[in-house]
Every structure is written in structure tokens, then in C-alpha cells.
Amino acid sequence: MAIEFIDEAPTLEEYKEMRRAVNFMVLSDRIASNALNNAYHITTVRDNGRAIGMIRVLSDGSYANFITDVMVIPEYQGRGIGTQMMQRTMDFMKSTLLPGETIVLYLMSAIGREPFYKKFGFKTRPNEVWGAGMSQWLTRKD
Ligand SMILES: CC(C)(COP(=O)(O)OP(=O)(O)OC[C@H]1O[C@@H](n2cnc3c(N)ncnc32)[C@H](O)[C@@H]1OP(=O)(O)O)[C@@H](O)C(=O)NCCC(=O)NCCS
């Protein structure tokens, strides 16, 4: 195994294949390629060239940052790859800061994955300080 962490987007086909492998929602090609092209920071994990995991950050380039598409395909899960992807992303985000500066990182955990993210300092919501994180699917039906 030659696992590499490369700070570049996967191809559209690789992205769709990884999403399929972890049962994420199927996206249209237009939505999927915009998602790759407009992300702030993407790491793709490759094993001998094959895309086997990825993580993306969406950002205003400064204060507000959203971590999404955290995925490792099933045959590679449980080997520490997800942890390394998260750690590298946290390190990258920290590298954007000057001494004393603070920014916010958001993410939406899948059910049951909360302990994975807690290890990196994320807090579940709602809690005694913050209200719930909220979201919806938005579909144009015509
Ligand atoms: C979540 C995910 C990215 C973790 O990647 P990974 O490479 O398997 O993670 P690691 O091997 O680094 O394991 C990290 C920790 O998560 C735990 N973990 C891994 N897979 C898990 C799972 N399916 N359910 C619960 N915990 C899990 C491991 O036990 C490990 O805990 P430890 O550090 O206390 O031993 C990966 O399982 C995945 O892609 N899942 C499907 C897609 C998904 O749900 N993504 C998250 C969306 S919010």
C-alpha cells in the first residue's frame, strides 16, 4: 500500500464513485463538479493512485469554515486514514491563522460518528451555550 494525502480535488468520476461507496446522496454532474471546483481546500487520499478517501472545506477564506464530504471507502475504513485526513485539515486551518486569531469550524456529523469528531475538539449542538445546528434539503421540483 502506498497511501498518499494530496491537497487536490479528485476527478468528478472519482468523487462520484467515493460518494457511491459510502452511500452519500447521488449528485448531478453539474452540482458535483461545482462542489469540487469551488471548495476552499480539498485533500484526496490515494492508494497507488486510486482515490480512496477525501475531505473538503468550504470557506469564506477566513472566519467561517465548513468541513464536509469526510469519507473513506469501506475497504479502507478503520485504518486511521479518516483520523489523518481530519488532523491534516485541522493543521491546515490552523496554519491560516495569525497568533491570537480565532475562526469557526462547522460540520454535520452522520449519526453515530460524533465520537470521531469529538476527538478533534468539535462539540455537539444544542448545548448549554449554542442552539441546534439546522439544515434542510432544497430541491427545485420543476
Ligand atoms: C467516518 C470515516 C471518515 C472515518 O474514517 P476511518 O478511516 O474509518 O477512521 P479511522 O480509521 O481514523 O478511525 C477513527 C475513529 O473512528 C472510529 N470509527 C471508524 N469508523 C467508524 C464507524 N463506521 N462508526 C463509528 N466509529 C467509527 C474508529 O473506531 C476510530 O476510533 P478510535 O480512534 O477511537 O479508534 C469513515 O468511516 C467513513 O467514510 N464513513 C462513511 C462516510 C461517513 O459517514 N462520513 C462521515 C460523514 S459525517
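A residue is taken as near a molecule or strand if one of its heavy atoms lies within 4 Å of it. This is a predicted model, in which local features need pLDDT of at least 70 and side-chain atom pairs count only at pLDDT 80 or more, while totals for chains, interfaces and linings use all residues. Residues are numbered from 1 along each chain as its sequence is written, and side-chain values use heavy atoms, with hydrogens and water left out.

The ligand is surrounded by 19 residues, the closest being Val-72, Gly-80, Gly-82, Thr-83 and Lys-119. A backbone N or O atom of Gly-80 lies 2.7 Å from an oxygen atom of the ligand, which is a polar contact in the sense of a pair of N or O atoms within 3.5 Å (within protein, one must be able to donate a hydrogen and the other to accept it, and residues adjacent in sequence count only if both atoms are side-chain atoms).

Strands (E, at least two residues) are DSSP runs, numbered from the N terminus, and two of them pair if DSSP finds at least two bridges between them. Here 5 strands form an open sheet of mixed pairing, in the order S1-S2-S3-S4-S5. Strand S1 (3-6) and strand S5 (104-107) each have a single partner strand, so one side of each is left without a neighbour in the sheet. Strand S3 (residues 50-59) and strand S4 (residues 64-72) pair in the antiparallel sense over 6 bridges, and Val-57 stands opposite Ile-67 in S4.

His-41 belongs to strand S2 (residues 41-47), and it counts as buried because its relative accessibility is 11%, where buried means under 20% relative accessible area, exposed over 50%, and partly exposed in between (1.4 Å probe, protein chains only).

Terms used. Helix = DSSP H or I, 4+ residues; strand = E, 2+ residues; numbered from the N terminus.
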